[in-house]
Amino acid sequence: MGNCSPSPRRRGRPTSPHLPRSASATAAGAATTTVSPCALARSPSVSAAAGDGEDVVRVYGSDGCPVAWRIRVSLLYKAAAPVHFTPSEAAPLGRPVLRLSASDPELCGTADELLRHVDARFEGKPLVAPPEQPARASAAAAAAEEVAELVRLQHRSAERHLEGVASKVAEMVKKGGKKAGKGGKLVVEGAEVRRLGKWYGDAMEVMLEHARMEETVLFPDIQRASFPGVCDVANEQHGRHLPMMNGIKEDIKTLLTLELGSSLFHEVLVNLSIRLKALQDHTKEHFKEEEKELLPRLEGVRRMQREEGNVSDKSNTAWASEAMGAMEMTHSKLFAFFMTGLLPQEAMQYLDLCVREYTEKIDK
């Protein structure tokens with residue numbers, strides 16, 4: 001990787017970017033969605049007229065370039081300097097160019113290389129560059145790891161959202177759900193309960209879609225490549241979780257109908273906290289078992305698919321794309337919400353998987 005010169009030719013004022021739907025949802029939701037400490041930072045973007053300061057980070061590239069978008073989203077997490085994007089079709093080799101300050105040279109390279117420069121420039125901020133991956137021994141191993149990474153990242157997001165909801169309810173229980181002193185205001189307000197219901201409802205949608213994806217895309221082939229019944233425990237756990245999840249949803253609905261601060265309200269709130277803690281524990285154990293017992297079998301599944309002639313050596317990303325395609329609700333309406341459950345480095349990894357899926361569809 002090296003410096004790129006001459007500077008990319010600028011054309012006009014910065015325009016609205018054209019992203020794949022999933023990536024655009026991330027950027028649009030980043031400044032407005034707030035969920036626990038994992039939420040995206042607000043973007044310190046500046047106008048073209050104000051973009052001449054020493055500390056301005058400049059990104060030059062095509063409006064629709066996936067690599068440029070990965071760089072721009074990564075800078076949202078840093079929130080350490082104003083960011084100025086200039087659309088340019090003259091970037092060397094079609095790659096975006098990054099300039100971290102007025103005194104720094106212009107840099108171009110792969111997305112991972114540029115992300116590592118961003119990490120080095122904003123030391124002490126959350127890491128965004130993906131961790132170094134060991135070389136895979138075969139194409140089957142590489143394809144299997146891509147799908148396993150997708151599953152693990154979805155697990156992490158669901159875990160953190162459940163943790164956030166459970167922590168919020170525990171906080172409400174601690175308040176008591178009653179009035180603060182004689183004649184005082186209610187400590188727990190109706191708007192707080194409604195926000196809780198929305199948060200949990202979105203988390204439930206993501207978890208259910210993830211379970212359906214596993215049951216339709218992954219589990220049937222894992223069983224064929226291993227032995228009948230290897231996924232039975234996971235399927236049974238999915239079935240047991242559904243009544244628990246529905247029960248929690250009904251408890252939240254009940255809270256909305258009760259008088260705030262009443263003894264019955266507090267009783268239902270305590271019961272809700274107990275149910276959420278149980279669901280959180282069961283879900284964490286379930287994900288742990290899947291990652292230990294089932295994900296290591298994916299390489300064998302890929303070998304079986306190749307032996308059957310269902311895939312070629314050139315279609316490594318198609319398997320992950322199929323799993324991605326089964327997450328339609330998560331990757332459209334709930335994408336910004338889902339991403340706030342990931343740490344910055346994890347979110348960038350997931351965004352990379354989304355970009356690869358989008359690029360493969362375009363290539364077809």
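Val59 of strand E2 (residues 57-61) has Leu98 as its bridge partner in strand E4. Strands (E, at least two residues) and helices (H or I, at least four) are DSSP runs, numbered from the N terminus. This is a predicted model, in which local features need pLDDT of at least 70 and side-chain atom pairs count only at pLDDT 80 or more, while totals for chains, interfaces and linings use all residues. Residues are numbered from 1 along each chain as its sequence is written, and side-chain values use heavy atoms, with hydrogens and water left out.

**Pairing of E2**
- E2 and E4 (residues 97-99) pair in the antiparallel sense over three bridges; two strands pair if DSSP finds at least two bridges between them.
- E2 and E3 (residues 83-87) run parallel and are joined by five bridges.
- Gly61 has Pro87 as its bridge partner in E3.
- E2, helix H2 (residues 66-78) and E3 make a right-handed β-α-β unit; right-handed means that, with the strands pointing away from the viewer, the path from the first strand over the helix to the second runs clockwise.

**Burial of E2**
- Five of the five residues of E2 are buried, so the strand is largely enclosed by the rest of the structure. Buried means under 20% relative accessible area, exposed over 50%, and partly exposed in between (1.4 Å probe, protein chains only).
- Val57, Val59 and Gly61 point one way from E2, and Arg58 and Tyr60 point the other way.

**Surroundings of Leu98**
- Leu98 is buried, with a relative accessible area of 1%.
- Not counting residues up to four places away in sequence, Leu98 touches residues including Val57, Arg58, Val59 and Ile71; contact means heavy atoms within 4.5 Å.
- Leu98 and Ile71 are 27 residues apart along the chain, and their C-alpha atoms are separated by 8.4 Å.
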